[in-house]
Amino acid sequence: MKANQTVLKEFILVGFSSYPHVRPFLFVLFFGLYLLTLTGNLAILGLTWADRSLHTPMYLFLRALSFSETCYTLTIIPKMLADLLTEKRSISVPGCGLQMYFFLGLGGTHCIILTLMGYDRFLAICHPLRYPLLMTNVVCGHLVVSAWAGGFLISVTETALIFRGSFCNPNLIHHFFCHMQAVVRLSCLDSDLTELIVTMVSVSALTGTFLLIIITYVFILSTVFRIPSAEGKQKAFSTCASHLTVVIVHFGFAAIVYLKPEGSGGDDTLIAVPYTVITPFLSPLIFSLRNRDMKNAFRKLMKENFN
């Protein structure tokens, strides 16, 4: 048990207070990236809704991914932007719990949807004749609901473990949001054990979904290499390129945050920026620019509105 067991009502998010001279620049940079992220995700949501040719499982998964990513950024970035402009960077304990719950839940949902998108491509390439029967819009809807349920089941478990007791002074969270490892260290209970458990849960979920994606791509590649024509190979690869790029970016940055060895050095605040700000910005950009159907749908919508 820790010595100072004053019951805390709020935390102070230290965030970028160590970089006072660059905070205005960081605000402009992050605000610009956030607007572009919202614009990109809302464009994907709008296009996949408006164009009936995109009402297929592949784009239903993409719509679900963009929606979860929009909600994911809303849980962190507006608060972070506000804190960059003020000296009072407090958050109530219940508010911190809610932020953590939605951040972990939406992050978990995001990983599961990326896994389901890999499974969708696996069925389309490895079982093309059975694909219309195996992956209908109804099945896709059920899988998306399961992804949300799975993500928030993990989240409620971790959040309940962290917030089951009171917190001790000092009430400083050395992060720009309620990151679970930064918050659990302030617990008056055995924080080392709790931190180990929640870290293992997060790492298991992260590596588990990533391994499932790797397995699906092993089967996809083995099928693609058996396609006799170069054109057929290129067409198969093009349907997977955007997804695979986003997977590498998403899980690569997540691994830096969650698999960083204890005591390895580095500012946790800066290390989390790529995962929470840059990845959500890149994801809609990659899916939009590398997708012919999305670009055609955009041109079609522009012609309808301006002709």
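The exercises below, with worked solutions, concern a predicted model.

**Exercise 1. Helix 1 and helix 3**

Task: Classify the relative direction of helix 1 and helix 3, then describe the residues in their contact.

Solution: 
- The axes of helix 1 (residues 23–50) and helix 3 (residues 77–84) cross at roughly 155° and come within 9 Å.
- Angles over 145 degrees count as roughly antiparallel, and helix 1 and helix 3 are therefore roughly antiparallel to each other.
- The crossing of helix 1 past helix 3 is left-handed.
- From helix 1, the contact takes in Arg23, Leu26, Phe27, Phe30, Phe31 and Tyr34. Their counterparts in helix 3 are Ile77, Pro78, Met80, Leu81, Asp83 and Leu84.
- By class, the contact of helix 1 with helix 3 has ten nonpolar residues, no polar ones and two charged ones.

**Exercise 2. Helix 4 and helix 8**

Task: Repeat the classification for helix 4 and helix 8.

Solution: 
- The axes of helix 4 and helix 8 cross at roughly 15° and come within 9 Å.
- Angles under 35 degrees count as roughly parallel, so helix 4 is roughly parallel to helix 8.
- Helix 4 and helix 8 cross in a left-handed sense.
- Helix 4 contributes residues including Cys111, Leu114, Arg121 and Phe122 to the contact, and helix 8 contributes residues including Leu206, Ile213, Phe219 and Val224.
- The contact of helix 4 with helix 8 divides into 13 nonpolar, five polar and one charged residues.

**Exercise 3. Helix 8 and helix 9**

Task: Describe how helix 8 packs with helix 9.

Solution: 
- Helix 8 (residues 191–224) and helix 9 (residues 230–258) have axes 11 Å apart and pack at an angle of about 160°.
- This angle makes helix 8 roughly antiparallel to helix 9.
- The crossing of helix 8 and helix 9 is left-handed.
- The residues of the contact of helix 8 with helix 9 comprise 17 nonpolar, four polar and one charged.

**Exercise 4. Annotation against structure**

Task: Compare the UniProt annotations with the computed secondary structure.

Solution: 
- An unreviewed UniProt entry assigns "domain: G-protein coupled receptors family 1 profile" to residues 40–249.
- In the model, residues 40–249 are 76% helix and 2% strand, with end C-alpha atoms 17 Å apart.
- The feature "transmembrane region" is placed by UniProt (unreviewed entry) at several spans, including residues 25–48 and 236–259.
- Residues 25–48 are 100% helix and 0% strand, and their end C-alpha atoms lie 35 Å apart.
- Residues 236–259 are 96% helix and 0% strand, with the end C-alpha atoms 33 Å apart.

Methods:
Residues are numbered from 1 along each chain as its sequence is written. This is a predicted model: local features need pLDDT of at least 70, side-chain atom pairs count only at pLDDT 80 or more; totals for chains, interfaces and linings use all residues. Side-chain values use heavy atoms; hydrogens and water are left out. Axes are lines fitted to C-alpha atoms, for helices over the stretch in contact, and angles run from 0 to 180 degrees between N-to-C directions. Helices (H or I, at least four residues) and strands (E, at least two) are DSSP runs, numbered from the N terminus. Angles under 35 degrees count as roughly parallel, over 145 as roughly antiparallel, 65 to 115 as roughly perpendicular and the rest as oblique. A crossing is left-handed if the near helix is turned anticlockwise from the far one by less than a right angle, and right-handed if clockwise. Ala, Val, Leu, Ile, Met, Phe, Trp, Tyr, Cys and Pro count as nonpolar, Asp, Glu, Lys and Arg as charged, and the others, Gly among them, as polar. UniProt positions are given in the numbering used here, feature names are shortened, and annotations may be inferred rather than shown by experiment. Contact means heavy atoms within 4.5 Å.
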